[in-house]
Amino acid sequence: MNAIFTDPKLKAAMLGKVRWITPQDNRLSFEQIQQWNIEHPETRMSIVNLQKEWRDIDDWSTPTFYFFENGRLISKMNGWPKAGNRENLIANLKRIGLWNEPQ
């Protein structure tokens, strides 16, 4: 998330248009999520109630990005290596109409 939101173009393309979710398991503590939400109110994270209710989400590893358009899953992207994954992220944002070379 830090790599995305320190990149002005990615931030402009995604801010207010994405939903950050985490499963209801022990991967992140409630305190960590609460602290993130206090520090980043524009990119709040939510805990899902039941993973099984999210039928299109088949991988809860972090990070996994799911790209939806009009409620339909368009593509999925796994991982963020140390070198980043910016070009893959941009390609997926283009698929759902969120990348228009923001200024």
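This is a predicted model: local features need pLDDT of at least 70, side-chain atom pairs count only at pLDDT 80 or more; totals for chains, interfaces and linings use all residues.
Local features are given where pLDDT is at least 70, side-chain atom pairs count only at pLDDT 80 or more, and totals for chains, interfaces and linings use all residues. Residues are numbered from 1 along each chain as its sequence is written, and side-chain values use heavy atoms, with hydrogens and water left out.

**Confidence**

The predictor's confidence in each residue is expressed as pLDDT, on a scale from 0 to 100. The protein has a mean pLDDT of 89, with 97% of its residues at 70 or more. Helix α1 (residues 2–5) has the lowest confidence, at a mean of 85, and strand β4 (residues 72–78) the highest, at 96. Helices (H or I, at least four residues) and strands (E, at least two) are DSSP runs, numbered from the N terminus.

Residues are classed by relative accessible area: buried under 20%, exposed over 50%, and partly exposed in between, with a 1.4 Å probe and protein chains only. The arc in the table is that of the directions from the helix axis to the C-beta atoms.

| α3 (residues 30–39) | I33, W36 and N37 | 95 degrees |

In α3 the buried residues are I33, W36 and N37. Because their arc is only 95 degrees, they lie on the same side of α3. E31 and I38, on the other side of α3, are exposed. Among the elements covering the buried residues of α3 are α1, β1 and β2 (45–47).

Just after α4, G97 has a positive phi of about 80 degrees.

**The largest pocket**

Pockets are found on a 1 Å grid over the protein atoms alone: a pocket is an open set of points where a 1.4 Å probe fits, with protein on both sides within 12 Å along at least five of seven lines, and lining residues have an atom within 4 Å of a point. The largest pocket holds about 970 Å³ of space, the volume being that filled by probe spheres set on the points. Its lining comprises 32 residues, and R19, W20, I21, T64 and F65 lie nearest the centre. Two or more lining residues come from each of α1, β1 (20–22) and β3. The most come from β3, which gives five. By class, the lining has 22 nonpolar, four polar and six charged residues. Here Ala, Val, Leu, Ile, Met, Phe, Trp, Tyr, Cys and Pro count as nonpolar, Asp, Glu, Lys and Arg as charged, and the others, Gly among them, as polar.

**Residues in and around β3 and β4**

In the loop between β2 and β3 lies P63, joined to T62 by a cis peptide bond with omega of about -10 degrees. N70 belongs to the loop between β3 and β4. Phi of N70 is positive, near 55 degrees, in a residue other than glycine. N70 is exposed, at 80% relative accessible area.

L73 is in strand β4 and counts as partly exposed, at 31% relative accessibility. Beyond its neighbours within four places in sequence, L73 is in contact (heavy atoms within 4.5 Å) with D56, Y66, F67 and F68. L73 and I96 are 23 residues apart along the chain, and their C-alpha atoms are separated by 9.6 Å.
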